[in-house]
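Take a walk through the structure below.

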2 protein chains.
Amino acid sequence: MTSVRPVAVVGGATTKFGVRQATWSELVQEAGARLFAAIPNLAASDVDSLFVGAAEPERFAFQSHVAPLAAELLGLEPHRIVQRTELACASGQSAIRSAYAAIAAGLADVAVALGVEKMNLPSMAEANTSMACVMDRPWDGAHGATAPPFFAMVAQRHMLEYGTTEDQLAAVSEKNHRFANSNPEAQFHEKSFSREKLLRLPLIAPPLRLGDCSSMTDGAAAVLLVSGELARKYTDTPAWIRGSGQHASWHNLANAGSLTDWTGMRIAAREALGSAGITASQLDFAELHDCFTISEIVEYEALGLCKPGEGGAYVTDGRSDLGGDVVVNPRGGLLGCGHPLGATGVAQAVEVYRQFAHTVPPARQVPDPEWALVHNLSGSANVHSMMVYARGG
Amino acid sequence: MTSVRPVAVVGGATTKFGVRQATWSELVQEAGARLFAAIPNLAASDVDSLFVGAAEPERFAFQSHVAPLAAELLGLEPHRIVQRTELACASGQSAIRSAYAAIAAGLADVAVALGVEKMNLPSMAEANTSMACVMDRPWDGAHGATAPPFFAMVAQRHMLEYGTTEDQLAAVSEKNHRFANSNPEAQFHEKSFSREKLLRLPLIAPPLRLGDCSSMTDGAAAVLLVSGELARKYTDTPAWIRGSGQHASWHNLANAGSLTDWTGMRIAAREALGSAGITASQLDFAELHDCFTISEIVEYEALGLCKPGEGGAYVTDGRSDLGGDVVVNPRGGLLGCGHPLGATGVAQAVEVYRQFAHTVPPARQVPDPEWALVHNLSGSANVHSMMVYARGG
C-alpha cells in the first residue's frame, strides 16, 4: 500500500555499538548529538514529533515513559506527536513506520525516529530472563524456548529438508563480520573471521555456534524523516520511502507454521515490494534481520532472492556479497554490528541513507544503489516488518 | 493539523474494570470478545492492523512483544501494521492516534486499537515500584517523586495561589463517582459518595485523600477505526476524528514549569481544537484525565473552560455536570472507573462512541452531543495528548 504524501529519510547517525560504559540516557544523548552533527541544517525547533523505538527499557533500564524522557535528553519539545513503539527486535523499524505514517497523513512534518537499547547489565541473568518476555512467557519463555533454541530448530530443520551445512551458516557470519570491519560503529572488528575459525567456536544451541548468533548490545541510532517538500532543506540525497509491508501470524510456538518457510515474510515482502512497484531482483541491497546466520539464509528464500532450499548456496556462491545479485547486510548485519533491539531497525535505515549518499567506506559501498529494502523480524519470526527505499532522483 | 483522509471510530467495548481475577491475556480476550459482539458486521478477516496500547506489561505481566500476542488472542492476522505504543498513562490514546495516522495515510483501512493493563499483582510492592519507572527514574522515581506526591504538590500550590479548597476537590470525586454508578464496567459503585464522606477518607498525600486518587486497576478496552468510506458498513453512528493535539515539554521534575498552569495542555488544546475548527465552549462533553481530583480542576483551566483559578468553582457550580456548560467525564472518569494505564484512553473513546450513539444510561447521557474531546496526560503532566471527535451526520 502506498501512502498519500511522500516521506523521506534525510539523514541519520548511530552511536558506537557494543558493551558500553554508558547509561540508557547517555546512549540517547550520544545518538542525538551525532544526528544534529550529521544534519547541519537541522534546528531542534524544526522537529515537531519524536518516535522512540525501544523494546524493554522497563526491564533493561528500569525506565518507562521513555519518549518524553528522550525528548528532554535531545533538547526537543515535540508539539505534534511523541510516543514510543515496541515490537521486540523490530521496535526500531516500528518507530520509523510510525513516523512515516504520521507524516504521510499530514499529522507531522519533521520527525525524529530514535531507536535505543541498553542490554548489558551488571547481572546478565536478569537480562537473559528479560529476553524470555519476548516469547509467550508462561507457555514458551518459561520453558526455555527463547531465541537461540528456536533458531537452532530452524537450522536443524533446514539442514534436514535441504542439506544446508554448517559451512554455509559460517559463510553468512564471515560475510557480515567482514562488512563490519569497515563500519567503525559496529560492535565487532575481528580481522580474521574465517569460516574455519567460525566452525571451531563453541556451540550455543546446536548447530548454532557463537559466531552464528548476534549479541546483547548497547546502542542507539536516530534518523530524521520529513515530508517530501522539506527534503531538500536537509539533504541532496533523500532516501524516499516507497513501500512498506508487515505481517503477524501466530505467537505461541504451539501454533507455529513451517519452521523453514516463513509465510509471513513472503506476505510482507509481496506487500512492501508491490507497493513500491518493484520485484526482489531489482533491489541493489537489503538489510535483512540476521539475528542468527540461519535467519539470513531463510530470508533469502522468503524474500524470493532464490528458491526454497537454495539459501545456503546463495551465500557461498557470493550472490549476497558485493559483486553478487543483491548485497545483503553491507552495514555488517546484526551479527557484525551487534543487536541493541530498539536501535537495530533505525541503524539499518541509517545505512540505507549513507549507501544512497555514497558516504560509506569502499569496502562496503554498493555501486550506485537505487533500491534498498530493510527487514526486521521479531519474536520467533512470527512477525515480519519491511520497508522499501528509493534513492532520491 | 487535519489529516488527509477521514477516519472514524465505529464501535468499541471494554471489560469490567477492577481488581480482576484474570491474567493479562484473559483481559485481552475479554475485550476482544466484547468488541466483536458490539460490532456484528465485523469479521476477524476484515481487520488489517492492530495497535496495542500498554504501559508496562514487561513489569506488571512479565510480558513484552505484546502486539502479536494480542493479535493471536483476538484471532487476528494483521497484514498491514501491528505494533504496541507506550506513553505511560496515555498509552491507550497513543494506540488510537497511531491507528488514526495509519488509516489517514492510506497505510491501513480497518484497525483495532486495544488498550490493556494488568496492575494488581500478588506483590503490590512490585507494582508500586514499577510505577516509579514512569518518572525520570534515577533522579525522581528513586527519590519518591511518583504520581501522588507530584499531584499533591499541584493541589497545594493551587490552593495557595487561588484558594482552592478540599471541598472543591471532593466535588470532582463526587461527580465522577456518581457518573460511575451508571457505568456497569466501572471499578467503583459507591452509592453514597458524598463530599462529606470523601472528606473523612484517609490522607494519601496531603491534601489528597483516598477519594481524590484514581486506583491501580485491571482492565482492557478496544475500538474499531476505519477509513471514512467503510464507516457505514459497521455503524449508523460513526464518531469522526476531527482533530488531534499533543505536546511534550520537560521530563525531569527539576525542569518543570508552573505546577498550576499546564502550558503543554494549552498548546495541545489549541492544536486539537484548532484542527477541528471549534472552540472549547462548543464541546458538549469532554473525557479529561482525572488521575487525581486536582488534575480535573487544573484541566478545566488549561482547556479554556474557565479562567486560571476558577476551576474549583467550575465544578461546585455544576458547570462540568449534566445541565452545565461542558459535561466532564460522564463515563465516571479515572476516579470512578479506575485507571488501568493502557486501557483508559481507549475506554474514553468507547464512551465517546456510545454517547454519540445514545446507548448509555440516562443518568450519564449527554443530550444530543455533537462534539467531544478526549484528553490524557502522562507522567508529571509533562505530556498532554488530545483528540476531538464529531458525531457522524
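**From a loop to the interface**

A88(A) sits in the loop between β3 and α4 (91-104) of chain A. Helices (H or I, at least four residues) and strands (E, at least two) are DSSP runs, numbered from the N terminus. The phi of A88(A) is near 45 degrees, a positive value in a residue other than glycine. A88(A) is buried, with 27 other C-beta atoms within 10 Å. Buried means that 20 or more other C-beta atoms lie within 10 Å of a residue's own; exposed means 12 or fewer, partly exposed is in between, and C-beta atoms are placed from the backbone.

This is a predicted model: local features need pLDDT of at least 70, side-chain atom pairs count only at pLDDT 80 or more, and totals for chains, interfaces and linings use all residues. Residues are numbered from 1 along each chain as its sequence is written, while chains are lettered from A and ligands numbered from 1 in the order in which they are written. The mean pLDDT of chain A is 95, and 99% of its residues reach 70 or more. pLDDT is the predictor's confidence in each residue, from 0 to 100. For the complex, the predictor gives an ipTM of 0.96 and a pTM of 0.97.

Chain B has a positive phi to look at as well. H65(B) is not a glycine, yet its phi is about 50 degrees. Its place is the loop between α2 and α3 of chain B. H65(B) counts as buried, with 30 C-beta neighbours inside 10 Å.

Next come the cis peptide bonds. One joins P206(A) and P207(A), with omega about 5 degrees. P207(A) is in the loop between β5 (203-205) and β6 (208-209) of chain A. In chain B, a cis peptide bond joins P206(B) and P207(B), with omega about 10 degrees.

Now the strands. Is β4(A) enclosed or open? Eight of the eight residues of strand β4 (residues 110-117) of chain A are buried, so the strand is largely enclosed by the rest of the structure. In a regular strand the side chains alternate between the two faces of the sheet. Both faces of β4(A) are covered. V110(A), V112(A), L114(A) and V116(A) are buried on one side, and A111(A), A113(A), G115(A) and E117(A) on the other.

Which strands pair with β4(A)? Pairing requires that DSSP finds at least two bridges between two strands. Strand β2 (residues 49-53) of chain A runs parallel to β4(A), joined by five bridges. Here L50(A) has V112(A) as its bridge partner. Strand β7 (residues 219-227) of chain A pairs with β4(A) in the antiparallel sense over eight bridges. E117(A) stands opposite G219(A), and V110(A) has V226(A) as its bridge partner.

β7(A) is mostly covered, with eight of its nine residues buried. Strand β1 (residues 7-14) of chain A also pairs with β7(A), antiparallel, over six bridges. There, the bridge partner of G12(A) is V223(A).

Turn to a helix. Helix α10 (residues 263-276) of chain A has 14 residues. From first C-alpha to last it reaches 20 Å, close to the 20 Å expected at 1.5 Å a residue. The expected span is 1.5 Å times one less than the number of residues. Its buried residues include G264(A), M265(A), A268(A) and A269(A). Among the elements covering the buried residues of α10(A) are β8 (239-248) and α11 (293-303) of chain A. G277(A) follows α10(A), and its phi is positive, near 75 degrees.

How are the two chains related? A rotation of 180 degrees with 0.0 Å of shift along its axis superposes chain B on chain A, with an RMSD of 0.0 Å. That is the relation of a two-fold axis. The same surface serves both copies: 100% of the contact residues of chain B recur in chain A. Superposition is by least squares on the C-alpha atoms of residues with pLDDT of at least 70 in both copies. Contact means that C-beta atoms, placed from the backbone, lie within 7 Å.

The contact takes 57 residues from chain B and 58 residues from chain A. On the side of chain B that touches chain A, 24 residues are nonpolar, 20 polar and 13 charged. Ala, Val, Leu, Ile, Met, Phe, Trp, Tyr, Cys and Pro count as nonpolar, Asp, Glu, Lys and Arg as charged, and the others, Gly among them, as polar.

Three bridges join strand β3 (residues 81-86) of chain A to β3(B), and the two run antiparallel. R84(A) has E86(B) as its bridge partner.

Key: Contact = placed C-beta atoms within 7 Å.
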